[in-house]
Amino acid sequence: MTTTDRPAAPPVRTHKEDRTWVGRSIRRVEDPKFLRGRGGYIGDMTVPGMLYAAVLRSPHAHAVIAGIDVVEALAAPGVHAVITGEQAAELCDPLPDFGPNPAAHTWRCLAVDKVRYVGEGVAVVVADSRYLAEDALALIEVEYEPLPAVVDPERALEDGAPLVHDDLGSNCAYERTFDFGDVERDFAEADVIVTDRLRWHRSGGQPLETVGAVADFDHATGALTVHTNSLSFTSYLFMVAGTMKIPANKLDIRPVPAGGSFGSKLFATKPAVIAGMCSRQVGRPVQYLEDRVDNMSNCDHHGSDRVYDVRLAVMRDGTIRGVDIDTVEDYGAYIQFGVGHHGNALAQVVGPYAMTSVRYRVRAALTNKNQQGAYRGFGSEVNNWMLEQMVDKAARELDLDPVELRRRNFIREFPHFIPTGNVYDSGDYDAVLDKALELSEYKRWRIEQAKAREEGRCIGIGLITAQERSVFSATEFWFWFDEPGAPVTSMPESVTLKVDATGGITATLYSCAFWGNSPETMVAQLVAEEFDCDPHDVSIVYQGSKNGLPATGPGGSRTTVMLAGAVEGATAKIKAKALRAAAHLLEANPDDLEWVDGGYQVKGVPEQRKSLADIAVMLHLFKHSFPEDMESGLEDSKVFDHPYTTMPSADRTDLGVFYPFMGHACHVPVVEVDLETGSVSFLAYAAVHDCGTLVNPRSLAGHIVGGTAQGIGTALYEEFVYDDDGQLLTSSFLDYLIPSAMEVPELRIAHHETPSPYTLHGIKGGGEGGRMMAPAAINVAVNDALAHLGVRVTELPITPDRLRAAIRAAESARGRE
Amino acid sequence: MQRHEVTLTVNGRTSTVSVEPRKLLVDVLREDLGLSGAHIGCEHGVCGTCTVLRDGRSIRSCTTFAVQVDGAEIRTVEGLADGAELHPLQDEFWDKQGLQCGFCTPGMLMRACEIVEQKPDVSREEVREGIASNLCRCTGYQFITDAVCAAAARMHSGSSETSGAQA
Ligand code: FES
Ligand code: FES
């Protein structure tokens, strides 16, 4: 497809300059209940008659289930039911699955016939308390016949590897190569081809609260009500109803606040299905809440796990022409989201650089591990890391300044279509870089670095410039298939605004549950901006799926942009009615009125005015004062659809627009490496982000720090380690190391604001940025600290043993010289 | 299983509960006493979301049996605010956005409470080191540190005013 036949972009907007609430760091309206310990999380919920479920997990990575004896468990005190995987397969259909071939890698809430990873559930007990349920788990006898496990993704793809799913006939769940632009020419004409092999090991979101659900099946009506902290419930509702074999209109999913998610509670359907199945079986409400070991071993939300072979085509002056990426991803035992993680990477695969071609080959390997789900970045953070390591290596090989090499390749004209077809709506990468150089005191640190080196100390500076896509379109999940049979999905988000008789405003949100973001504050600020009220006076309601409006839920940093669009639309409808009412009350022509400070008044005659409360009380109580066709009340809704997404071309040489609102950031950590111990510590850390117009700067800064802390974990500490037999060695916080306050440095943060031309106020999404940048930046910093010793680390996390091994290897290589 | 009578004074109110010896303090607080502020993040003593004060010192209520604290004075997050008025720590956590999802917050507040009560003139470095006992997966600790320092300064000077404007 050429640029000329692209579908038209949405109209370019002008943004109002004098904002009152949008752009202010106000106290979050969500917080008082959490500060008082009254969060109302799923574990806080009790319902009369509620029972508790606990799941028996497989100790084997790969084994045939030859038999399960539950007789003793069933007779144990307080036990109401024991359901084995075989029985569960009768009660429920497979779980919602977007994998390439679900019939051949079928995923169920409990394992049937064989277990495929350590931690996979084999049976569930329902009892009067969690204590009694766990007692009974210990009485279940499972006869396992162990099978050889396959743990390494590349070995999994070799002939003769043990098969994770016999029906699939191989461990390759998916393979495809895409070419965008003239790859052959760019590589043929390149002065230098930089190559590398890189390895990113798996970590995960690991919010401090696990996933859970309280389900209540009513046999009288056939209706199932599920309270859960799993997000995106309006999206998965239909699919969970299918799994439960009930009509979708008999399933009501209601959100409760989630104690963190970072992707890992998106679409977490298994706990709801287990609780629902148990409740239907025993006829009472049932809570299933994962404990930490359940969550670490069996959450279905481990993060990316990739091997990369990459080539970068570069000219001697530093111009990057193209990139050729060959990646094998270890998906674990199932593949619920298909290779959507790579769709995500393709949204910003070239980073901020104006290269002209991309080759992308992905192979999805199945292994005996817990499966992948979502983790902040959804696979694009891995691409950022890979690309920045390559760019950094190019700078070293060409002996160019790494900052200048990056700057030389910046995209400067917007909107810009990258080779894959996605658009970058706006940006100013030079401005962000300049700000970061200043904020980080880059020049001073280069001098410090040189001084330290004379003393034998290894200081490294890790400047990276990378992208932060926002507002995804679901095409990234299906453009992999030539005949997906789907047009672009509209992925709406909805808001209802209600003005009561006193002028008080209540906003109802659909599917956008709370997980540590601030949907209430953000919507309250946007409403306050429209209606000139105090955001803390706006009431927010979360609607369950029943009686809900079309909605999709969070993911891919879409919430703020989508809810802003919905608030704007609902406001327009309400103001139109209020204007007409005010005109009637003031006996004026609507054209002569203007909205000023929370009411309508006659232009130039401010005393001739009706406040929103004046109008609302009339519309609520005195409808007969108005024309026949006006109804009582002042309430309206807006279903806001994805504002900018287009179809991929039939031949997939252009994937269309699927992640249009492109943020950008520059991170500059300064680290010191201890050569003796292999430990890495921070001397400074600066981060500049551009996520368009800010709504609540302090909230965004909080996400940047928090995301960076997670990125530090990914870069240095966190890993789900499976040994050669598939045993999970890190199944508690004792060995899966989440950074504490001592590992996370103080960040210097600055924002740059390049508004999006296509969204309300120019907002872009920005919740994932910290983690999308930090691993890349820290790896570059460590390599910068050790380059003079010939050390280059190409594997994350950079644990002390990995780093020591790299240092030793370089030492012996030098010794040989 | 045999049950034991345990008498606890929680946030100034004394209650007696009958519990199995294996019942964890956090479960007694949450289930028997209806105080769901202490959270369960790991149940193996690492994360600190279950932190409460026992006779003024922070403990992990997930690795403490209720029978071990018979007769003790326990303080939980529910005891921090004075009616409608938030404790300075709560107020500063709110002002500085020292929380995102709120799940670590009760434990973090109680640990912070111990820190500032023990050392009113605590330094920023000491606050960081002190709260390293508790994990937070959302905030990266910086704004928590801001909040604890601000609250400590406020409590030290006896002022009830919020310390400052936001970033
Ligand atoms: S729940 Fe007690 S330390 Fe984690
Ligand atoms: S605020 Fe979420 S864990 Fe601390």
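Contact means heavy atoms within 4.5 Å. By that rule A:R155 touches A:V150 and A:A161, leaving aside residues up to four places away in sequence. The structure is a predicted model: local features need pLDDT of at least 70, side-chain atom pairs count only at pLDDT 80 or more, and totals for chains, interfaces and linings use all residues. Residues are numbered from 1 along each chain as its sequence is written, chains are lettered from A and ligands numbered from 1 in the order in which they are written, and side-chain values use heavy atoms, with hydrogens and water left out.

**Interface of chains A and B**

- The contact draws 58 residues from chain B and 56 residues from chain A.
- The two chains bury about 4,700 Å² between them, 54% of it on carbon and sulfur atoms. Buried area is the accessible area (1.4 Å probe) that two parts lose on being put together, summed over both.
- B:W94, B:Q100 and B:R137 supply 20% of the area that chain B buries against chain A, more than any other three residues.
- The rule finds 35 residue pairs in polar contact across the interface, both residues at pLDDT 80 or more. A polar contact is a pair of N or O atoms within 3.5 Å; within protein, one must be able to donate a hydrogen and the other to accept it, and residues adjacent in sequence count only if both atoms are side-chain atoms.
- Helices α1 (25–32), α2 (88–96), α3 (105–118), α4 (124–131) and α5 (142–157) of chain B each supply at least two residues of the side that touches chain A. Helices (H or I, at least four residues) and strands (E, at least two) are DSSP runs, numbered from the N terminus.
- α2(B) gives the largest share of that side, 6 residues.
- By class, the side of chain B that touches chain A has 25 nonpolar, 18 polar and 15 charged residues. Ala, Val, Leu, Ile, Met, Phe, Trp, Tyr, Cys and Pro count as nonpolar, Asp, Glu, Lys and Arg as charged, and the others, Gly among them, as polar.

**Salt bridges**

- A search of the whole structure finds 77 salt bridges over all chains. The rule asks for a side-chain nitrogen of Lys or Arg within 4 Å of a carboxyl oxygen of Asp or Glu.
- Across the interface of chain B and chain A there are 8.
- B:R22 pairs with A:D135 in a salt bridge, with the closest N and O atoms 2.7 Å apart.
- A:K33 and A:E520 form another, at 3.9 Å between the closest N and O atoms. This pair links α1 (residues 31–35) to α16 (residues 519–531) of chain A, 487 residues apart.

**Sheet in chain A**

- Six strands form an open sheet with mixed pairing, in the order β7-β15-β14-β13-β8-β30. Two strands pair if DSSP finds at least two bridges between them.
- The edge strands are β7 (172–180) and β30 (795–796) of chain A.
- β8(A) (residues 192–200) and β30(A) pair in the parallel sense over 2 bridges. A:W200 stands opposite A:L796 in β30(A).

**Sheet in chain B**

- An open sheet of 5 strands has the order β2-β1-β5-β3-β4, with mixed pairing.
- β2 (13–19) and β4 (57–60) of chain B each have a single partner strand, so one side of each is left without a neighbour in the sheet.
- β3(B) (residues 51–54) runs antiparallel to β4(B), joined by 4 bridges. B:R54 stands opposite B:R57 in β4(B).
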